[in-house]
Amino acid sequence: MQQIQQIHLAEKSQEVTDWAARIGWVVGLVLFIALIYWLMRQGWKWRGTLQGDLPELPEIPEETGEPLLLLSGRYHGSTSAGQWLDRIVAHGLGTRSRAELTLTAEGLAVVRPGAQDYWIPADRLRGARLDTGIAGKVLTEGGLLVVTWQHGDRTLDSGFRSDHAADHQTWVDKINEMSGDNGVAAQHNQEGAP
């Protein structure tokens, strides 16, 4: 009878939680996540150091001329031209943000709230195209406006997404007309597309 009572008590008692082990696992997991975040940040800084030869971004001049086209949307980043995964992070070019683009006969003004604004003079525009992705952002066919431009010794691709994607083709046509595009942008699309 006493054995039956002991078995009956064993069935009703609950396991005691080992709080020290649980807290140890949680602290270990938090430290692991912090280490991964720190390593990612160090990699980002190292990439910026490697791209230190990139000159400062040109500032938007006081007078930019009469606007030909306006675009409101998002800036998704810049890469080396034709290499859609080689992200450029120097001088804030890797920072995603909202963007207001103004195209004039003098060049392209890129205004980014919360990030550095910059100016691409018309003689540095190398073309534009519609694409599906750029360094960490993949969209549907033609969902991204990619502007190719010369900055110092490097040719860069900068990706933008308009709030009205139907506007992209107008931008491609106008920039290619201004830059005298001879198929360079289309060639980059074939080589660097995802």
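These legends accompany close-up views of a predicted model.

**Figure 1. Overview of the chain, with four helices and ten strands.** The order of elements from the N terminus is α-α-β-β-β-β-β-β-β-β-β-β-α-α. The chain has 194 residues, and 36% of them are buried. Its accessible surface is about 11800 Å². Carbon and sulfur atoms account for 55% of that surface. Take the contacts between residues at least 6 apart in sequence: 64% of these join residues at least 24 apart.

**Figure 2. A cluster of aromatic rings.** The structure contains three aromatic pairs. Ring pairs connect Tyr-75, Tyr-118, Trp-149 and Phe-160 into a cluster. Two of the pairs are shown in the next two views.

**Figure 3. The edge-to-face pair of Tyr-75 and Tyr-118.** A pair of aromatic rings is described by two values, the distance of the centres and the angle of the planes. For Tyr-75 and Tyr-118, the centres are 6.5 Å apart and the planes stand at 75 degrees. Tyr-75 belongs to strand 1, residues 67-80. Tyr-118 belongs to strand 5, residues 118-121. The pair therefore ties together parts that lie 43 residues apart in sequence. Tyr-75 and Tyr-118 are both buried.

**Figure 4. The stacked pair of Tyr-118 and Trp-149.** Here the ring centres of Tyr-118 and Trp-149 are 5.4 Å apart. Their planes meet at 20 degrees, so the pair counts as stacked; the cut-off for stacking is under 30 degrees. Trp-149 sits in strand 9, residues 144-151, and Tyr-118 in strand 5. This pair therefore links parts 31 residues apart in sequence. Are the two residues buried or exposed? Tyr-118 is buried, at a relative accessible area of 0%. Trp-149 also has 0% relative accessibility and counts as buried. The cut-off for buried is under 20%.

**Figure 5. The charged end of Arg-112 over the ring of Tyr-75.** Which ring lies under the charged end of Arg-112? It is the ring of Tyr-75, whose centre is 4.5 Å from that charged end. Tyr-75 is also a member of the aromatic cluster, and its ring pairs edge-to-face with Tyr-118.

**Figure 6. The charged end of Arg-22 over the ring of Trp-19.** The charged end of Arg-22 is 5.8 Å from the centre of the Trp-19 ring.

Technical notes:
Residues numbered from 1 in each chain as written. Predicted model: local features only at pLDDT ≥ 70, side-chain atom pairs only at ≥ 80, totals over all residues. Heavy atoms only, no water. Helix = DSSP H or I, 4+ residues; strand = E, 2+ residues; numbered from the N terminus. Buried < 20%, exposed > 50% of the residue type's maximum accessible area, 1.4 Å probe, protein only. Contact = heavy atoms within 4.5 Å. Areas by Shrake-Rupley, 256 points an atom, 1.4 Å probe, with all protein chains shown as cover. Phe/Tyr/Trp six-rings, centres within 6.5 Å; stacked < 30°, edge-to-face > 60°. Lys NZ or Arg CZ within 6 Å of the ring centre and 35° of its normal.
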